[in-house]
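Got the sequence and the model open side by side?

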Amino acid sequence: MPTHSETRRLPYSAQQMFDLVADVGSYPQFLPWCAAARITSREDRGDHEVMEADLVISFKVFREKFGSRVVLWHSEKRIDTEYVDGPFRYMKSDWAFEDAENGCDVSFHVDFEFRNAVLQGIVGVVFNEAMQRIVRAFEDRAHELYGDRTA
């Protein structure tokens with residue numbers, strides 16, 4: 001049951017970082033191991049928006065598709081994701097974005113377990129490195145989109 005949590009101060013606004021993470025369809029352009037992303041539905045529910053998305057994760061010989069439900073809390077600048085179907089027993093992640101001095105604080109937490117013990121074992125060995133690469137990929141994407149300054 002790997003879990004990972006971290007908070008980082010980045011030189012961008014909370015809105016910029018929220019928008020970047022909420023743009024699930026763009027993940028294959030910059031996220032390691034994300035081979036494809038497809039938004040299958042999107043529904044505005046007033047105080048939040050619910051998106052259903054399929055992601056294809058490709059790592060060495062493994063290629064797995066999984067579905068997730070992404071809840072965008074625009075006014076709170078929070079994103080909650082839960083697993084719908086695919087190779088996991090369960091998966092939950094959440095993001096929170098808060099404006100701070102010289103940028104914003106980005107908090108990320110993920111907790112998951114694969115159904116396949118072999119895949120779980122492989123991921124367990126490289127989990128911390130993989131999470132660091134994913135977080136760096138979001139930071140690099142923010143730099144690419146927004147440059148060096150806050151908005």
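Predicted model: local features only at pLDDT ≥ 70, side-chain atom pairs only at ≥ 80, totals over all residues.

A disulfide here is a pair of cysteine sulfur atoms within 2.5 Å. By that rule, the count in this protein is 0.

Residues are numbered from 1 along each chain as its sequence is written, and side-chain values use heavy atoms, with hydrogens and water left out.

How confident is the predictor? The score to read is pLDDT, its confidence in each residue, from 0 to 100. The protein's mean pLDDT is 90, and 96% of its residues reach 70 or more. Helices (H or I, at least four residues) and strands (E, at least two) are DSSP runs, numbered from the N terminus.

Now for the inside. In soluble globular proteins, nonpolar side chains tend to be buried together. A nonpolar core, as used here, is a set of buried Ala, Val, Leu, Ile, Met, Phe, Trp, Tyr and Cys residues joined through side-chain atoms within 4.5 Å. The largest one has 40 residues, and Tyr27, Ile79, Phe97 and Phe138 have the most contacts inside it. Elements giving two or more residues to this core are α1 (14-22), β3 (49-59), β4, β5, β6 (88-100), β7 (103-114) and α2 (117-146). Of these, α2 gives the most, with 9 residues.

Contact means heavy atoms within 4.5 Å. Leaving out residues up to four places away in sequence, phenylalanine 97 touches Ala14, Met17, Phe18, Val21, Glu76, Lys77, Ile79, Asp105 and Val106.

On to the charges. Side chains of opposite charge can pair when their charged atoms come close. A salt bridge is counted when a side-chain nitrogen of Lys or Arg lies within 4 Å of a carboxyl oxygen of Asp or Glu. That gives 13 salt bridges. Which of them links distant parts of the chain? Take glutamate 82 and arginine 69, whose closest N and O atoms are 3.5 Å apart. Glutamate 82 sits in strand β5 (residues 78-85) and arginine 69 in strand β4 (residues 62-73), 13 residues apart. Both ends are partly exposed, glutamate 82 at 31% and arginine 69 at 28%.

Arginine 78 and glutamate 76 bridge at 2.4 Å; arginine 78 is partly exposed at 27%, as is glutamate 76 at 45%. Arginine 45 and glutamate 43 bridge at 3.3 Å, with arginine 45 partly exposed at 44% and glutamate 43 at 41%.

Salt bridges also link Glu6, Arg8 and Glu139 in a network. Glutamate 6 is in strand β1 (residues 3-10) and is buried, with a relative accessible area of 17%. Its side chain also makes a polar contact of 2.6 Å with the side chain of histidine 4. (A polar contact is a pair of N or O atoms within 3.5 Å; within protein, one must be able to donate a hydrogen and the other to accept it, and residues adjacent in sequence count only if both atoms are side-chain atoms.) Beyond four places in sequence, glutamate 6 is in contact with Val106, Ser107, Phe108 and Val135.

Histidine 48 is in the loop between β2 (34-44) and β3. Buried or exposed? Histidine 48 counts as buried, at 15%. The side chains of histidine 48 and aspartate 47 make a polar contact of 2.6 Å.

Last stop, the backbone. Most residues other than glycine have a negative phi, and most peptide bonds are trans. Lysine 77, in the loop between β4 and β5, has a positive phi of about 50 degrees and is buried at 18%. Asparagine 102, in the loop between β6 and β7, has a positive phi near 65 degrees, but is exposed at 63%.

Notes. Buried < 20%, exposed > 50% of the residue type's maximum accessible area, 1.4 Å probe, protein only. pLDDT = per-residue confidence, 0-100.
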